[in-house]
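I'll jot down what I look up, interface and then fold.

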Amino acid sequence: MKILKKLRRVFRLHRIFIKQDLKRLMEYKIDFVTGAVALLIAQGINVFFLSIIFSQIPNLDGWAFEQIIFIYGFALLPKAIDHLFTDNLWAIGHFIIRKGDFDKYLTRPINTLFAVTVEKFQVDAFGELIVGILLLSVSVPSVNLSINPLNILLFVIALVFATLIYTGIKLITSSVAFWTKRSGNITYMFYMVNEFSKYPTTIYNRAVRAVVSYIIPFAFTAFFPASYFIAGGNPWFNIGGTVIAGSVLMALGILVWHKGVSAYESAGS
Amino acid sequence: MRKILKIYKPFTHAGVLLAAQYRINFIFFILGDILMCFINYFLWKAVFNSGGAETFMGFSEVDMVSYIFISFLTSTLAYSDGSYAVGEEIRDGSIAMRMIKPIRFDLAFLFQELGERTMSLTLAFVPLVAGVELFKFFATGSFRFSIINFVLYLVSLILAYLINFYFNVCYGYSAFVLKNLWGSNFLKDCIVGFLAGRTIPLAFMPPAVGAVLNFLPFASLTYTPVMIYIGMYSPAQIALSFALQIFWLVFFIALQQIIWNACVKRLSVQGG
């Protein structure tokens with residue numbers, strides 16, 4: 001019962017914070033619309049790029065156009081969900097710690113990590129989310145995908161843990177700032193590796209494939225789970241790998257974060 | 001000319017110091033961006049393997065790999081954040097301080113940015129050019145570095161930077177009216193990048209679209225210098241593209257002057 005009460009409190013706080021943030025956004029309506037439109041256009045350009053390639057070749061390394069579109073669309077979903085809820089982690093590495101602004105989270109009677117992430121609700125992410133859903137829905141009829149309760153359950157599980165891979169990597173790299181004062185550029189470098197996940201890992205050489213599968217495991221956010229749905233394959237590896245990678249990175253992230261918070265020294269004024 | 005250099009040299013010096021300050025930051029960002037080049041490299045390798053043909057719409061595999069890395073280099077070196085800098089100064093009102101000094105607003109920015117570019121020049125230029133040339137050597141078995149094309153590329157690159165600078169300053173003036181920049185800058189970067197051929201060479205576009213895009217100023221920013229570097233242009237095409245680049249440079253300098261004269265009259269600085 002106590003846990004239930006606690007959870008209720010968390011969700012209530014979450015609602016209040018998001019409401020506050022949306023109010024702030026209404027102040028900058030045009031900025032929000034142009035930001036989301038720009039993300040939409042950026043993804044649209046990439047799809048156009050793929051269609052030009054496929055106008056000249058029958059398949060890419062054995063993958064048909066619709067299959068590539070499915071993987072691409074799948075890749076956008078966890079990225080967008082993470083973007084929507086934890087965008088404030090970027091600010092931790094870029095300036096919050098350096099300027100000493102982290103102090104305010106320490107004074108609050110809620111978990112610091114919760115307080116930081118809940119502060120910003122990044123609506124730009126809807127641009128990626130819309131394109132992702134659109135690409136998945138146009139490609140589903142032409143890829144060999146059986147829609148049954150088990151697959152729907154696995155889809156949801158894959159999505160949740162793929163999102164945790166993103167959040168975990170951002171969490172670990174931003175927490176470095178607790179010791180170094182600033183780590184936004186490190187987060188950027190690791191985060192960019194996610195771009196590798198949009199294409200089948202079979203097109204990369206062995207070293208790159210090993211890195212994106214097992215070291216910075218972004219391949220488990222898109223290619224591995226997506227290929228289970230459209231090309232079969234072992235669910236224990238393709239989906240189970242996503243679950244393991246997501247759990248490990250998230251647990252590591254939380255650990256490093258709390259170690260970091262206790263090492264945090266405010267900036268002098 | 002001598003006098004101009006003497007007046008604006010301190011700005012260049014300040015730019016160099018600024019870039020040195022953010023050196024580490026810059027290295028990490030560039031490493032992140034180079035990852036994108038490698039993704040494209042593997043993607044195109046797979047395309048050539050799957051297609052079976054020697055060329056893809058007139059580009060061989062070596063051409064395509066050179067295109068990916070040299071277009072990244074070109075857009076990094078010709079990059080200008082004039083639109084942010086001008087927009088910020090208009091928003092916080094510090095532009096007023098510039099207006100009371102006996103210097104030209106655009107030249108002060110230009111010389112400062114040239115100083116900042118020294119960092120990307122020293123850190124990105126040599127490794128990327130050397131890397132591409134080594135790749136070409138191992139892929140074809142012969143050394144195919146053309147000094148003439150390289151010199152022409154450098155000239156075209158400088159023109160590309162100047163066009164980009166004045167285009168961005170013109171764009172930054174929109175802050176006189178809008179006072180709000182982040183979204184519009186992001187949108188601009190997306191569209192300009194595409195029209196400049198950073199995603200795909202303009203030669204891959206449908207012929208009619210490609211012909212129009214070739215004459216727009218954006219092709220001059222990335223596509224033209226890169227095509228010269230990889231030797232895809234005939235001497236006649238090179239002459240024509242230089243003429244176009246000079247035309248667009250003069251056009252944007254004139255436009256910048258006109259907008260500046262018109263905007264100064266309606267500048268309102270908030271607070272003080």
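How many residues of chain B are in contact with chain A? I get 29 residues of chain B touching 29 residues of chain A, where a contact means C-beta atoms, placed from the backbone, within 7 Å.

Ground rules for myself: this is a predicted model, where local features need pLDDT of at least 70, side-chain atom pairs count only at pLDDT 80 or more, and totals for chains, interfaces and linings use all residues. Residues are numbered from 1 along each chain as its sequence is written, while chains are lettered from A and ligands numbered from 1 in the order in which they are written.

Next I looked at the chain B side of the interface. Helix H2 (23-51) and helix H9 (182-195) of chain B each give at least two residues to it; helices here are DSSP runs of H or I with at least four residues, strands are E runs of at least two, and both are numbered from the N terminus. H2(B) has the largest share, with 15 residues.

Then the fold of chain A: 13 helices and zero strands. Its radius of gyration (over C-alpha atoms) is 20 Å, close to the 18 Å from the globule rule (2.2 Å times the number of residues to the power 0.38) for 269 residues, so chain A is as compact as a globular protein of that length. I also noted a C-alpha box of roughly 60 × 40 × 40 Å along the principal axes.

Technical notes
Contact = placed C-beta atoms within 7 Å.
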